[in-house]
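Please read them with the structure open beside you.

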Amino acid sequence: MLEGIDFDLTYFPPKHLGYKAVTKGISDVVAMNATPEQITIALGISSKISVEFLDDFYEGVEFACKEAGVDLVGGDTTASKSGLFISITVIGKAKKDDIVYRTGAKANDLLCVSGNLGAAYTGLLILEREKAAFMADPNVQPELYGYDYILERQLKPEARKDIVAQLKELEIKPTSMIDISDGLASEILHLGKDSNVGCRVFEDRIPMNKKAIDVAKEFDIVPCVAALNGGEDYELLFTVKQEDYEKVQNMEDVRIIGFMTPDANVAELITTDEHVIPIEAQGFKH
């Protein structure tokens, strides 16, 4: 994570930053149907970063580690000439037969997503708006009341270990899986490309929080676009076989949003008025 690219210290508290840095790494391991066990942290620290800042940062790291049941086992620090640099390595474990990659989706598999999408992005919009107001007038108090949920989704995301636990309990092994870091559209295209299949997604099935919908409209953004391209939700996007339909239907906080097709690399969105639109990744590109 790079200052100015992945986070802005104007509004990102160090404790939350430490927590989010760990969560981002853990989420990648969880998305392979594995259990995270250990992390290491490498930091590049600029001269403006205080010892108090680092104390708070590591307090967030410790909290995230305890919550996820992982151990901080090492790392490195060095000086940085321009901003804060954070690199987290996560070590996880799974039985060989349990590991899920992005390559196993087949035509007619059901496409599922956990939680809701677009909230982290709309939370970022609010933070950027309040930063702009502060830069224009440092005496202005931030207007953050009522935005608690979407701000938390941006500043303190959760890795969905609970979804993986549910899948194991129901004896469902996804055919492919990825976490949603760069936006739903981007991750759909990753699964399609890596598995050599296409996809059809139904707009009215994409789950969104009411506050995220309201804020998207407030910023003149189509809510579905925020869900498709916003990113940083760290929810799980996965495919399952048709025969697992009944089991998935009973999963808590999981929704079937579409299905995979034999048309390799053809991803389509079926809108609420039944138009067919090609899905393109317009979120963050590394």
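1. Surface patch. L2, I5 and F85 make a nonpolar surface patch of about 280 Å². Patches here are built from residues with over 30% relative accessible area and no salt bridge, with like charges joined within 9 Å and nonpolar side chains (Val, Leu, Ile, Met, Phe, Trp, Tyr) within 5 Å. L2 sits in the segment before helix 1 (14-30), and with a relative accessible area of 39% L2 is partly exposed. The classes are buried for under 20% relative accessible area, exposed for over 50%, and partly exposed in between (1.4 Å probe, protein chains only). Areas come from the Shrake-Rupley method with a 1.4 Å probe, and for residues only the protein chains shown count as cover.

2. Basis of the note. This is a predicted model, in which local features need pLDDT of at least 70 and side-chain atom pairs count only at pLDDT 80 or more, while totals for chains, interfaces and linings use all residues. Residues are numbered from 1 along each chain as its sequence is written, and side-chain values use heavy atoms, with hydrogens and water left out.

3. Overall build. The protein has 9 helices and 10 strands; helices (H or I, at least four residues) and strands (E, at least two) are DSSP runs numbered from the N terminus. The protein is as compact as a globular protein of its length, because its radius of gyration of 19 Å is close to the 19 Å that the globule rule gives for 286 residues. That radius is taken over C-alpha atoms, and the rule is 2.2 Å times the number of residues to the power 0.38. Along the principal axes, the C-alpha atoms fill a box of roughly 55 × 45 × 30 Å.

4. Surface and contacts. Of the 286 residues, 48% count as buried. The accessible surface is about 14400 Å², and 51% of that belongs to carbon and sulfur atoms. Among contacts (heavy atoms within 4.5 Å) with a separation of 6 or more, 86% are between residues 24 or more positions apart.

5. Cysteines. How many disulfides does a search of the whole structure find? The search finds 0, where a disulfide is a pair of cysteine sulfur atoms within 2.5 Å. C112 is in no disulfide, and the nearest cysteine sulfur, that of C199, is 11 Å away. C112 is buried, with a relative accessible area of 0%. C65 also counts as buried, at 6% relative accessibility.

6. Salt bridges across the sequence. The count comes to 16 salt bridges, a salt bridge being a side-chain nitrogen of Lys or Arg within 4 Å of a carboxyl oxygen of Asp or Glu. One of them pairs D8 with K131, whose closest N and O atoms are 2.5 Å apart. Because D8 lies in the segment before helix 1 and K131 in helix 3 (residues 119-136), this pair ties together parts that are 123 residues apart in sequence. D8 is buried at 16% relative accessibility, whereas K131 is partly exposed at 22%. Another salt bridge joins E232 to K20, with 3.1 Å between the closest N and O atoms. E232 is in the loop between helix 8 (223-229) and strand 7 (236-240) and K20 is in helix 1, so the pair links parts 212 residues apart in sequence. Both E232 and K20 are buried.

7. D214 and K210 meet in a salt bridge of 2.9 Å, N to O. They are 4 residues apart in helix 7 (residues 210-218), which means a separation of about one helical turn. D214 is partly exposed at 33% relative accessibility, and K210 is exposed at 60%. Elsewhere, salt bridges that share partners join R153, R160, D162, D233, E235 and D253 into one network.

8. Which residues does S27 contact, leaving aside neighbours within four places in sequence? They are A159, D179 and Y234. S27 is found in helix 1 and is buried, with a relative accessible area of 1%. S186 belongs to helix 6 (residues 184-195) and is buried at 12%. Not counting residues up to four places away in sequence, S186 touches L228 and A281. The C-alpha atoms of S186 and I279 are 8.7 Å apart, although the two residues are 93 residues apart in sequence.
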